[in-house]
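Here is a short briefing to read alongside the model. Take a look at the structure first, and then we can go through its pocket, its surface and its salt bridges together.

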Amino acid sequence: MTTEYQSPKDRAYVETLINAASKEAAAFLNLKYTAERKDGVIPIKYRELMSVAVALTTQCAYCIESHIKNAVEAGATREEIAETVFIAAALRAGGAVGTGLLAMRLFEDEKKNVTT
């Protein structure tokens, strides 16, 4: 039985994962490298702050670590990271409210089906 999850030791399995699904890995890595390129219209610091926000909402510890490092290297400040944290938190909460609207509609539809 495992006693820990998402350990840095898991990085030892990168090649195993890539080799087990090489075409899918190649496509993913191409997308990743394209999205993280430095020559895009959006400056790299903003790309990294967006990446931090997404990593926070997906709660990928490895992504958070990687993109915080990249953001700092791109010149992001502590205050920019802090604002990014709260923007991501607000959007994640807003997403729950948005899907809550769907839940309410589905409830009403189901209630109509049960009573008819």
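How does I42 count by its relative accessibility: buried, partly exposed or exposed? I42 counts as partly exposed because its relative accessibility is 37%; here buried means under 20% relative accessible area, exposed over 50%, and partly exposed in between, with a 1.4 Å probe and protein chains only.

This is a predicted model, in which local features need pLDDT of at least 70 and side-chain atom pairs count only at pLDDT 80 or more, while totals for chains, interfaces and linings use all residues. Residues are numbered from 1 along each chain as its sequence is written, and side-chain values use heavy atoms, with hydrogens and water left out.

**The largest pocket**

- The largest pocket has a volume of about 870 Å³. A pocket here is an open set of points on a 1 Å grid over the protein atoms alone, where a 1.4 Å probe fits, with protein on both sides within 12 Å along at least five of seven lines; the volume is the space filled by probe spheres set on the points, which are joined across faces, edges and corners.
- Its lining comprises 26 residues, and F28, L29, K32, C60 and C63 lie nearest the centre; lining residues have an atom within 4 Å of a point.
- At least two lining residues come from each of helix 1 (14-20), helix 2 (22-35), helix 3 (44-58) and helix 4 (61-73), and helix 2 gives the most, with 7 residues. Helices are DSSP runs (H or I, at least four residues), numbered from the N terminus.
- By type, the lining holds 17 nonpolar, 4 polar and 5 charged residues. Ala, Val, Leu, Ile, Met, Phe, Trp, Tyr, Cys and Pro count as nonpolar, Asp, Glu, Lys and Arg as charged, and the others, Gly among them, as polar.

**Salt bridges**

- The whole structure has 7 salt bridges, each a side-chain nitrogen of Lys or Arg within 4 Å of a carboxyl oxygen of Asp or Glu.
- K32 pairs with E36 at 2.9 Å between the closest N and O atoms.
- E80 and K45 form another, with their closest N and O atoms 2.9 Å apart. E80 lies in helix 5 (residues 78-115) and K45 in helix 3, so this pair ties together parts that are 35 residues apart in sequence.
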